[in-house]
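Open your viewer and get ready to select a few pieces one after another.

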Amino acid sequence: MREGLHRIVVVGGGAGGLELVTRLGNKLGRRQKAHITLIDRRRTHLWKPLLHEIAAGSMDLGVHQIDYLAQAYWHGFTFRLGALIGIDRGRRLVRVASFIDDEGRQVTPPQEFGYDTLVIAVGSLTNDFSTRGVKSNAIALETAEDAERFHARLVNACMRAHAQTEPLRPEQLQVAIIGAGATGTELAAELHKTTRQLVAYGLDRIDPDKDIHLIVIEAADRVLPALPKRLSDAALKLLEGMRVSVRTSARVAEVVPEGVRLASGELVPAELVVWAAGVKAPDFLRDLDGLETNRINQLVVQATLQTTRDDDVFAIGDCAACPWLGKEGAVVPPRAQAAHQQASHMVRQMRRRLAGKPLVTSGSRACSRA
């Protein structure tokens with residue numbers, strides 16, 4: 001790294017973070033105007049909205065993964081492997097944990113990286129709202145490994161049912177999807193298609209219309225509750241056309257080995273349960289050297305995307321509580337479109353910052369719409 005270059009460190013290579021470092025690398029890194037570093041706890045990127053396709057078995061993971069090292073080489077930034085464990089705002093340092101491989105061997109030691117500008121883009125996690133039994137009896141599609149594990153369990157469930165001679169138990173081949181947002185509804189549609197393909201491969205003792213049941217459970221009064229009602233109605237019609245059972249205004253009290261227990265006391269039998277209800281930012285953000293966070297751990301940022309307590313630290317994407325300009329008291333919803341807009345805005349902000357110009361605060365597209 002050339003001495004004197006402005007050091008921009010981006011933590012998190014999700015949709016927003018990867019787009020940001022790629023564009024900054026192309027515009028600034030290659031031209032030796034700044035040094036750009038991406039830090040992530042994984043070696044590869046997969047666009048999170050595709051996880052439902054891996055879970056259903058309708059997508060080849062290897063085709064869609066992006067290798068961070070290769071991306072860095074081709075786009076003028078540096079990649080470093082490891083999970084964020086803390087920052088020192090006084091010394092402007094990022095602390096990263098050692099990376100341990102699947103065999104328990106250390107790949108990289110604990111490290112510290114200096115920054116002049118820090119951008120936190122660590123995304124979000126599924127919020128189980130402390131519901132009993134979720135961690136032990138349900139799968140949340142957080143990673144490609146989660147999605148592959150669910151798909152393996154689905155295939156095993158079908159093969160187990162095909163091989164047995166006794167009648168199916170009430171929960172067998174029942175899949176409950178908790179949460180009817182984009183992930184839940186898209187997963188139900190994909191599973192409808194792929195379970196029929198799976199049965200067609202030779203599991204002819206299973207009747208997909210009679211034996212396999214998909215149940216979507218939503219606490220709100222309609223599917224896709226964050227979207228306009230006309231879209232919810234259209235999605236519901238499509239799901240019902242695929243014989244997916246949709247339960248709205250149904251709050252989950254507990255996930256048990258035999259299925260899902262609703263607040264009403266009713267047990268919905270299910271052999272496989274996917275939790276796709278709500279998101280929150282990672283817990284470690286609550287104690288990140290005094291930065292302000294909200295009730296779901298998001299870093300509170302200004303319309304400039306700067307955190308409220310440190311102008312050198314920015315946050316974008318699902319982990320940022322960005323004010324939704326024009327909607328008093330509201331924040332931009334955690335969606336891929338918002339992460340893209342914020343990454344684009346950050347590129348402009350960095351160019352202004354390096355030029356010594358004031359950052360854009362009002363009318364920012366990144367904080368004015370989802």
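At roughly how many degrees do the axes of helix α1 and helix α4 cross? Keep in mind that this is a predicted model. Select residues 15-29 for α1 and residues 68-75 for α4: their axes cross at roughly 25 degrees and come within 8 Å. Angles under 35 degrees count as roughly parallel, so α1 and α4 are roughly parallel to each other.

Now show the side chains where these helices touch. On α1, pick Leu 18, Thr 22, Gly 25 and Asn 26; on α4, pick Tyr 68, Gln 71, Trp 74 and His 75. Colour this contact by class and you will find three nonpolar residues, five polar ones and no charged ones.

Next stop: a sheet. Three strands make up an open sheet with antiparallel pairing, in the order β16-β17-β18. Select 252-256 for β16 and 267-269 for β18; these two stand at the edges with a single partner strand each, so one side of each has no neighbour in the sheet. On average, neighbouring strands here are turned by 20 degrees against each other, direction ignored. Look for Arg 261, which stands opposite Leu 267 in β18.

Last stop: the second largest pocket, with about 320 Å³ of space. Among its 18 lining residues, Thr 126, Asp 128, Lys 135, Ala 140 and Glu 142 are the closest to its centre. Select β12 (125-126) and α5 (134-137) too, as these elements each give two or more residues to the lining. By class, the lining has eight nonpolar, two polar and eight charged residues.

Conventions. Residues are numbered from 1 along each chain as its sequence is written. This is a predicted model: local features need pLDDT of at least 70, side-chain atom pairs count only at pLDDT 80 or more; totals for chains, interfaces and linings use all residues. Side-chain values use heavy atoms; hydrogens and water are left out. Axes are lines fitted to C-alpha atoms, for helices over the stretch in contact, and angles run from 0 to 180 degrees between N-to-C directions. Helices (H or I, at least four residues) and strands (E, at least two) are DSSP runs, numbered from the N terminus. Angles under 35 degrees count as roughly parallel, over 145 as roughly antiparallel, 65 to 115 as roughly perpendicular and the rest as oblique. Contact means heavy atoms within 4.5 Å. Ala, Val, Leu, Ile, Met, Phe, Trp, Tyr, Cys and Pro count as nonpolar, Asp, Glu, Lys and Arg as charged, and the others, Gly among them, as polar. Two strands pair if DSSP finds at least two bridges between them. On a 1 Å grid over the protein atoms alone, a cavity is a set of points where a 1.4 Å probe fits but cannot get out, and a pocket is an open set with protein on both sides within 12 Å along at least five of seven lines; lining residues have an atom within 4 Å of a point. Grid points are joined across faces, edges and corners, and a volume is the space filled by probe spheres set on the points.
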